[in-house]
Amino acid sequence: LRAGWPQDPISSEIIPLTQLIELNRHYASSEIILMNISTAKGAELLRNSLEKPSSTVGWWHLIKDSSSLSMTDFGWRVLPSIGSYIDRKKLIECLFDRTITAVAVNSVGISGEQSKLPPDQRPAGLTGHQLVLATLWEELVIREGWDIELLWEVLSFAPSRMLGLHEERLQIESNRWL
């Protein structure tokens, strides 16, 4: 806000989220997956719903917030926009207690050339997706004290189940990545 970049109003998440939760309640046999929960209010709405649909949170929203980015950092230009410290902590809490099902790594990557543009002219997205595991490990396992199994669950196994894919398995002589 200090730099003049408009953030998403909270209603841009709450209004559609309320409608989708209500649809899920009326059509429980249809699977609804809510993508990119990004606010504390949205996470709380999901927590208080009777029928909890599957949902995701973007990985960057678990790592950074508006109080931990400098004015020139690359992380400002993501969709949905980055929230406050309270938003980030609530998202972590709701992921931990499984209110939110999985971590999504679905942000549009930007090229090195695009990342050199001034922040207000840069397309929304992030560089450095190779850092997702390392930064989530640092934040959730080391700082928040999560079990390693829970990190693997929300980053690999739960997303596979949500998408109807077979979960990855470690096997002798396998070169598959989890």
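Let me start with a definition: helices here are DSSP runs of H or I, at least four residues long, numbered from the N terminus. Just after α4, R98 takes a positive phi of about 70°. One more thing before we go on: this is a predicted model.

Stay with α4 for a moment. The helix covers residues 85-96. Does its length fit, or what should we expect? At 1.5 Å a residue, its twelve residues should span 16 Å. The end C-alpha atoms are 17 Å apart, which agrees.

Which residues of α4 are buried? They are D87, R88, K90, L91, I92, C94 and L95. And what do these buried residues pack against? Among their partners are the helices α2, α3, α6 and α7. Two strands also take part, β2 at 54-58 and β3 at 102-104.

Now, two helix pairs. In general, two packed helices are described by the angle between their axes and the distance between the axes.

First pair: α1, residues 11-26, and α2, residues 40-48. Their axes come within 10 Å and cross at roughly 15°. Angles under 35 degrees count as roughly parallel, so α1 and α2 are roughly parallel to each other. The crossing of α1 past α2 is right-handed. On the α1 side, the contact uses E13, I14, L17, T18 and I21. On the α2 side, K41, G42, L45 and L46 make it. By class, that contact has five nonpolar, two polar and two charged residues.

From α6, the contact takes V132, L133, L136, W137, L140 and V141. From α7 come I148, L151, W152 and L155. What classes do we find in this contact of α6 with α7? Ten nonpolar residues, no polar and no charged.

Last stop: R161, which lies in helix α7. Is R161 buried, exposed or partly exposed? At 42% relative accessibility, R161 counts as partly exposed. Leaving aside neighbours within four places in sequence, R161 is in contact with E153 and E167. How far is R161 from R122? The two are 39 residues apart in sequence and 34 Å apart in space, C-alpha to C-alpha.

Key. Residues numbered from 1 in each chain as written. Predicted model: local features only at pLDDT ≥ 70, side-chain atom pairs only at ≥ 80, totals over all residues. Heavy atoms only, no water. Axes fitted to C-alpha atoms, helices over the stretch in contact; angles between N-to-C directions. Parallel < 35°, antiparallel > 145°, perpendicular 65-115°, else oblique. Left-handed = near helix turned anticlockwise from the far one by under 90°. Contact = heavy atoms within 4.5 Å. Nonpolar A, V, L, I, M, F, W, Y, C, P; charged D, E, K, R; others polar. Expected span 1.5 Å × (residues − 1). Buried < 20%, exposed > 50% of the residue type's maximum accessible area, 1.4 Å probe, protein only.
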